[in-house]
Amino acid sequence: MEGAKVFTEVDLSQGYLQLPLAEESRHITAFSTPEDGPHRFTRLIMGASPSGEHFHEIIHELIKEVPDCANISDNIWLWSKDRETHLKRLDQLLTILRTNGITLKLPKCSFAVPQINVFGHIVSEKGIRPDSTKVEAITNAPHPTTASEVRSFLGLTNYCSRYIPDYSSLTFPLRQLTKKNVTFHWDHSHEKAFQSLKNAITTSPVLAHYNLTAETKVVVDASPWALGAVLLQKQADDNYRPIAYGSRSLTDVEQKYGHIEKEGLAIVFGCEHFHMYLYGRSFELETDHRPLEHIYKAKLQSKPTSARLERWRLRLQEYDFHVIYRPGPSNLADSLSRLPKDGKEGSKRSNMEACADRYVHYMTQAQTPNAMKLEGIQRETLADPELQQIKQNLQNNQVYKLPKAYKLIAHELCITDQDILLRGDRIVLPNKLRQQAISLAHEDHAGMVRCKQRLRSKLWWPEMDKQVEERIRCCHPCQLVSKSPRPEPMEPTKLPKKPWSKLAIDVCGPFPTGEQVVVLTDYYSRWPEVKILKSVTSKNILDWLLSVFATHGFPDEIKSDNASYFVSTEFKDTLTSWGIEHKTVTEYWPQANGQVERFNQVLKKHILTAQAEGKAWKPTIPIMLLHYRNTPHRMTGRTPSSLLMNREVKTKLPSFEQQTNDETETRKKDEEEKEKSKKYTDKKRKASPRNLEVGNKVLVTQKHRNIFTTKFHPDPMVITKINGTQIVLKDKNGTQHRRNSSHVKLYQEIPDPEEEIQSDRKHDRQTESREENTEATQTETNQNTTETEIVLRRSTRNRKQPDYLKVG
């Protein structure tokens, strides 16, 4: 209606009853009364489900030839830019209605007027504004006295919300009264909101008409709790006027998004909220968040962004827009986003949002194999040389010429009238369609057994089971979610040559009281050192280590995990200056530092038992260390104090004599216990060698983020180095990673079809050659056997009479 100055509104009399009902459909509407018996309708009734749709379509077909004319059900509107043109079109419209026997309800019709009422909205040359009768009903509304009356009032004002930019912020205090378990109490804030809303209704701006050819702009913004959007179009005076406003609240989950993701969600909301205005046209999208301007200018996957932003970019692929940056104070939608709305509205997913996902759905459906039809099988069977040769052999009764796989089942083969080869009631599938059939059977990514069962019930071809197994084994999604392979056997750590030469360090905690415990253990003696720290930094750890080394001396090596305070430059440089080699374990594999991890379990148990007894746990740590250092260790059979200091430390328990340190016995005991532990653990974990090699492609486990996270990362990596169970990997970007072999799984790639065909042909030739050699050997052996004289002989074993047959 852009630019229109003259309007006409026509209302049809008696609605659906104007249309006659087809004779074959009238019996559906039959009914019976006690007085008059059976009746049936001869006109379209208003209670039938398809009545509204058919009535609208029929009226639309009648008036579609009239320019600038539209209808919704029985309401017809006509608009023109001048009165003369309008009268000509009105005459054309009335002529069509009279010709088809359509009558009007004159009291509800308005002809050639400057404005009309369209479902409560006044449409005129200036634009669109709310109906004065609705405005009057709002301004004269009394104070609500119950939550139900507040809901009714908000329902009335919501009809005019598109004209009020700050509607949600104005109604926020009133909406609090409609929540469950909230006592109704009308105070000053509610009265202020009530009056402000009335004033906003009476002074609401007139929205401009939407123009298909005008320059269009969408302005969006996000706040910590809501999203806002404004649709603008440039008018004849080169100024932008609002076409519509939109806003919604953020859900509890969306409120936890980062700021860039909230601003990105505002773009998605603005495009989808105004979908009917924006789809199929180019427009400008304005935001006050500068990074989004660069993100949406870049191509997909050009730079790594969050997965959520990438999904939103995919959702917006159907829109043609470019993003520009404008600071918040000059952003028109900034006020709309500062709306403290509740989460209920934002949590409801509209049909428009569901439709916005169709680009992502299209990408998924594009990977879905098409259904297989008999016509296609017939066409490919006629084009398959192998099946054509088999059909010819069967028709000529030359079974001996069939390939070996078909010769064994020749009595089951037959040819249908459609030139399709069957084995019993199963179709023998042409070679070109076999991979497609496997894809269809594996469409839901079922396991090998179920896929083979599906195929066996309908189809057959040689080595079908083998091909199914190979294809499913190479299925990329299945590999990502399948179980991890069995771990490799344990590799026990060898006992160092002397005490205090190799140490392990780790941090245990944090505990609820805020402290963390730094633990240091000796691999030889199992002697532990413990330090409670409020703040764990590289400097604090180094200061404590220096005090420990002042007592026991510097070690040769320290092993730690990859925590930031252990891999910092300060920590590494200081250890180097002390002449200590620093080694880190494999990422995400704490078992590699098992010595200190085992002591952490002992420490945690002691702290929990102290808490259970109602004691302060920190003063009990020294007593625990005293007992641990003077208790024989299971692996060595000696106490840590005797192995480290070659003497026993006095405790509260009496002792008769001091044990001496026998290093040979200690090493033997350590090796025996570690071997027992290795056998037990390997058996329990069902460990087996992996046989991985440098250059292998592998899938690597990834961190579990939510229920949709696959067990393995979708991008395979390449093994560049193997050191025992530690593997160095390189990803597609060239970055190297260290992982334990238990975190990787050999990646199965789908073989190239041409290479597979060549391999099959080579295998067939080798098989035929072996069979020919075997037949020749058997023939030669039979000939030699025939020529050689067969000599029969009796058994030469000694025969002995049983004792019970011997007489006296």
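Trainee: How many helices and strands does the chain have?
Mentor: This is a predicted model, so what follows describes computed features of that model. The chain has 808 residues, of which 40% count as buried. Its secondary structure consists of 29 helices and 28 strands.

Trainee: Among contacts between residues at least 6 apart in sequence, what percentage join residues at least 24 apart?
Mentor: The accessible surface of the chain comes to about 48300 Å², and 52% of that surface belongs to carbon and sulfur atoms. For the contacts between residues at least 6 apart in sequence, the share that joins residues at least 24 apart is 64%.

Trainee: How many of the six residues of strand β1 are buried?
Mentor: Strand β1 covers residues 6-11 and is largely enclosed by the rest of the structure. In a regular strand the side chains alternate between the two faces of the sheet. Here Val6, Thr8 and Val10 point one way from β1, while Phe7, Glu9 and Asp11 point the other way, and all are buried. The count for β1 is therefore six of the six residues.

Trainee: Which residue of strand β6 stands opposite phenylalanine 7?
Mentor: Strand β1 pairs with strand β5 (residues 75-80) in the antiparallel sense over six bridges, and in that pairing valine 6 stands opposite serine 80. Two bridges also join β1 to strand β6 (residues 110-113), again with an antiparallel run. In β6, the residue opposite phenylalanine 7 is valine 113.

Trainee: Which residue of β12 is the bridge partner of glycine 228?
Mentor: Strand β11 (residues 226-234) pairs with β12 in the antiparallel sense over nine bridges. Within that pairing, the bridge partner of glycine 228 is serine 247.

Trainee: Is histidine 289 buried or exposed?
Mentor: Histidine 289 lies in the loop between β13 and α9. Not counting residues up to four places away in sequence, histidine 289 touches His259, Ile260, Glu263 and Tyr325. Its relative accessible area is 14%, and because the cut-off for burial is under 20%, histidine 289 counts as buried.

Trainee: How are the helices α15 and α16 oriented to each other, roughly parallel or roughly perpendicular?
Mentor: The axes of α15 (residues 374-383) and α16 (residues 385-395) come within 5 Å and cross at roughly 80°. The contact is made by Thr381, Leu382 and Ala383 of α15 together with Pro385, Leu387, Gln388 and Lys391 of α16. Because angles of 65 to 115 degrees fall in that class, the two helices are roughly perpendicular.

Trainee: Which residue takes a positive phi in the hairpin of β20 and β21?
Mentor: Six bridges join strand β20 (residues 516-522) to strand β21 (residues 528-533) in an antiparallel run, and one of the bridge pairs is valine 517 with isoleucine 532. The hairpin has five residues between the strands, and the residue with a positive phi, near 70°, is arginine 526.

Trainee: Is threonine 576 buried or exposed?
Mentor: Threonine 576 is found in helix α24 (residues 569-577). A polar atom of its side chain lies 2.9 Å from the backbone oxygen of lysine 572. With a relative accessibility of 58%, threonine 576 counts as exposed.

Notes: Residues numbered from 1 in each chain as written. Heavy atoms only, no water. Helix = DSSP H or I, 4+ residues; strand = E, 2+ residues; numbered from the N terminus. Buried < 20%, exposed > 50% of the residue type's maximum accessible area, 1.4 Å probe, protein only. Contact = heavy atoms within 4.5 Å. Areas by Shrake-Rupley, 256 points an atom, 1.4 Å probe, with all protein chains shown as cover. Polar contact = N/O pair within 3.5 Å; in protein donor to acceptor, adjacent residues only side chain to side chain. Axes fitted to C-alpha atoms, helices over the stretch in contact; angles between N-to-C directions. Parallel < 35°, antiparallel > 145°, perpendicular 65-115°, else oblique. Pairing = 2+ DSSP bridges.
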